[in-house]
Amino acid sequence: AQLIRKQIANELNSTVQSESNQLYSALAALNKSLIRDIQDSPYGENCENKETDRENMNKKAFELSKFLDFAGSSQPFQKVYITSNPCERLPELLFLVVAATIPRLQYDEEFGSLIRKYDRDQPMDGSPLAAGVLTILNQFHPSYTTAFFAYIGQYIRCTVKDNKTGSNADINANLDCRNAMIFLETMCKLGNINRENIHPFVQPFLFDSLNYSIKG
């Protein structure tokens, strides 16, 4: 469903830019202005009319979000759809699902993404899985996403280390490590996440070698 929402948003966005560029520019400017106002608003304890200002900001953001949705400028993967109670072990659970799925995927240069190896054994490709994991994580505190990146980063580092020492089969270790990094790259692209946010968990030179291996 998220991929369909994203596809519809892309179609709406391209149509608005080509047929009503002034509307698109006005919405983009208003969105940036509202975000800056929210960031610069003094919401401290000593602020007068704090509740009134916050309520007005929320109303403006709610009204603007509807116009952004109509113009295809929204980001479905970054939206919070439900208010969720804390779930401490969720990052571990999602990581285990991803770690169990990665060996069943392979990178396809024509599609530019991870696809299933065996139709019967694996019912899902890499991009839908990344979209689902990203959507679930965004319903919780950002620390959940950071924890997930930490787990999958540890998985990649351990795989690289084991491959160097020869404790695992070279081909399988390389493929699993590459798939994990491609999965992370897919999550970053879908969620507009800066790659620098995952550099504390996965060193940049690993992604550089990944790009080289894909092009080769």
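Buried means under 20% relative accessible area, exposed means over 50%, and partly exposed lies in between (1.4 Å probe, protein chains only). The model used here is predicted, so local features need pLDDT of at least 70 and side-chain atom pairs count only at pLDDT 80 or more, while totals for chains, interfaces and linings use all residues. Residues are numbered from 1 along each chain as its sequence is written, and side-chain values use heavy atoms, with hydrogens and water left out.

**Exercise 1. Describe the overall build of the protein chain.**

Step 1: Start with the secondary structure. Helices (H or I, at least four residues) and strands (E, at least two) are DSSP runs, numbered from the N terminus. The protein chain has eight helices and two strands.

Step 2: Along the sequence they follow the pattern α-α-α-α-β-β-α-α-α-α.

Step 3: Turn to burial. The protein chain has 216 residues, of which 34% count as buried.

Step 4: Look at contacts, meaning heavy atoms within 4.5 Å. Of the contacts in the protein chain with a separation of 6 or more, 66% join residues 24 or more positions apart.

**Exercise 2. Find the salt bridges and place their partners.**

Step 1: Apply the rule, which asks for a side-chain nitrogen of Lys or Arg within 4 Å of a carboxyl oxygen of Asp or Glu. The count comes to four salt bridges. Three of them can be worked through here, one by one.

Step 2: Take D125, which pairs with R116, their closest N and O atoms being 3.1 Å apart. D125 is partly exposed, at a relative accessible area of 23%, and R116 is partly exposed at 26%.

Step 3: Move to K66 and E63, whose closest N and O atoms are 3.3 Å apart. Both residues lie in helix α3 (residues 50-70), three residues apart, about one turn of the helix. K66 is partly exposed at 33% relative accessibility, and E63 is partly exposed at 38%.

Step 4: Finish with R195 and E185, where the closest N and O atoms are 3.0 Å apart. R195 lies in the loop between α7 (170-190) and α8 (204-215) and E185 in helix α7, so the pair ties together parts that are 10 residues apart in sequence. R195 is partly exposed at 23%, whereas E185 is buried at 17%.

**Exercise 3. Check the cysteines for disulfides.**

Step 1: Recall the bond itself. A disulfide is a covalent bond between the sulfur atoms of two cysteines.

Step 2: Use the cut-off, a pair of cysteine sulfur atoms within 2.5 Å. The count comes to zero disulfides.

Step 3: C87 is partly exposed at 33% relative accessibility, while C188 is buried at 7%.
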